[in-house]
Amino acid sequence: MKLLIPTVLWSTNLGLMLGFTFGVLILLRPVTRRLLRPKHQVVLWFAGWIMGINMSLYTTCGWLPLTFTFRGLLMPKGEIPGQPAFLALASDPEQAEVLSRGSLLPLPLSDRAAQILTIIWLVFLVALVAAWLLQDFRLRQIMQRGTVLPQESLSSYSLVPDTAVYLCPGLPTSFVRYGAAFSIADERPLICLQKELPPEQMRLVLLHECAHLRLHHAWLKAIMMMVVILNFAWNPLIWAAYRLTCRDMELACDEAVMEQLSPTDRRNYARALVELGSGRCLWGGAASFSECDTVLRVKRLVNWQPWTPGSNARSLVLTVLFILFFFCGGSPL
């Protein structure tokens, strides 16, 4: 327990830092969702989750791919007042000295409080891992009852190379994932469709899942879940960011599909979303057609207009500026 407590304190401090940044982005959503394309909004979230991976690696194995400076709020009882509880690698000695004279008032924790915090952290970790493994086991069981679609019937779709498409009975929702579905050596991208879908709806859902693969959303979702499990499961702001990232991934895929469809097919796509929009949210490395926020997605589809080159360029530039401002600063918190 004594060896685990410092790791938990580091995790808590880093979770406060990442949660604060995500909280500001959540408050700015009324602005960013009007200025940024959904796929650029996902890139903005992705920068935050990469920072979470950076923090998680340092907390769990002492490796810091991207150097950053941070002064923690929580510290064990008995530390010298004014000294940081968490001091990441500084780029030069002057920065380290500035951090050690930081203006924030640290909150000392008693041994008992630190132990309770560690126990809560462990409970969250075990519960999340167990829930993720249980869901993964259930999905594998359903997928193994599926039948693979022949490649010649998929020639009209922009599939990622070596993608396998399965028709599975009893799926809660169609989804994509990467590899290890049927054997450890199987690392192909997989698209799992509900076998009960009519042919026209199956075509529209397959277009949506192909967009998930092209935009690498399954990998992003796996990274998000890794960040949550490793360190920050206790922070509700991290969960809010997880949910909103999933929403923006679905909106980005909806937009990508709308750009490929005729006006009649766009109406059919919105109708299919309404009919299939009761699917459950899936954790980890799966991204699904009807995952969340059906009402919002249908409203966006009804009001959809193609982005002009100028508005697309503006969205991209603003995304880069947001990333530089929120995730590339060197000032201590």
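# A tour by selection

Start with arginine 297, which has a relative accessible area of 0% and so counts as buried. This is a predicted model, and each stop below gives something to select and what is found there.

Stop 1: Is aspartate 254 buried or exposed? Its relative accessibility is 2%, so aspartate 254 counts as buried.

**Stop 2: a network.** Select Arg37, Glu255 and Glu259. Salt bridges with shared partners join these three into one network. The chain has seven salt bridges by the rule used here.

Stop 3: Select arginine 203 with glutamate 200. Their salt bridge has its closest N and O atoms 2.8 Å apart. Both residues sit in helix H6 (residues 199–214), three residues apart, which is about one turn of the helix. Glutamate 200 is partly exposed because its relative accessible area is 34%. Arginine 203, at 25% relative accessibility, also counts as partly exposed.

Aspartate 265 has a relative accessible area of 18%; the limit for buried is under 20%, so the residue is buried.

**Stop 4: aromatic rings.** The count of aromatic pairs is five. Select phenylalanine 22 and tryptophan 49 and look at their rings. The pair is tilted, with 5.1 Å between the centres and 45 degrees between the planes. Phenylalanine 22 is in helix H1 (residues 4–27) and tryptophan 49 in helix H3 (residues 38–61), so the pair ties together parts 27 residues apart in sequence. Both phenylalanine 22 and tryptophan 49 are buried.

Next, select phenylalanine 325 and phenylalanine 326. What kind of aromatic pair do they form? The pair is edge-to-face, 5.0 Å centre to centre, with 90 degrees between the planes. Phenylalanine 325 counts as exposed because its relative accessibility is 64%. Phenylalanine 326, at 16%, counts as buried.

**Stop 5: a nonpolar surface patch.** Turn to helix H11 (residues 309–327), where valine 320 is found. Select Leu316, Val317, Val320, Leu321 and Leu324, which make a nonpolar surface patch of about 440 Å². Valine 320 has 42% relative accessibility and so counts as partly exposed.

**Stop 6: confidence.** Colour the chain by pLDDT. The mean is 75, and 70% of the residues reach 70 or more. Among the elements of the chain, H11 has the highest mean pLDDT (91), while helix H4 (residues 93–100) has the lowest (48). Select residues 77–92: the pLDDT is below 50 there, and this stretch has 40 contacts in the model beyond near neighbours in sequence. Finish with residues 98–105, where the pLDDT is also below 50 and the model has 13 contacts beyond near neighbours in sequence.

Conventions. Residues numbered from 1 in each chain as written. Predicted model: local features only at pLDDT ≥ 70, side-chain atom pairs only at ≥ 80, totals over all residues. Heavy atoms only, no water. Patch = residues over 30% accessible without salt bridge, like charges linked within 9 Å, V, L, I, M, F, W, Y side chains within 5 Å. Areas by Shrake-Rupley, 256 points an atom, 1.4 Å probe, with all protein chains shown as cover. Salt bridge = Lys/Arg side-chain N within 4 Å of Asp/Glu carboxyl O. Helix = DSSP H or I, 4+ residues; strand = E, 2+ residues; numbered from the N terminus. Buried < 20%, exposed > 50% of the residue type's maximum accessible area, 1.4 Å probe, protein only. pLDDT = per-residue confidence, 0-100. Contact = heavy atoms within 4.5 Å. Phe/Tyr/Trp six-rings, centres within 6.5 Å; stacked < 30°, edge-to-face > 60°.
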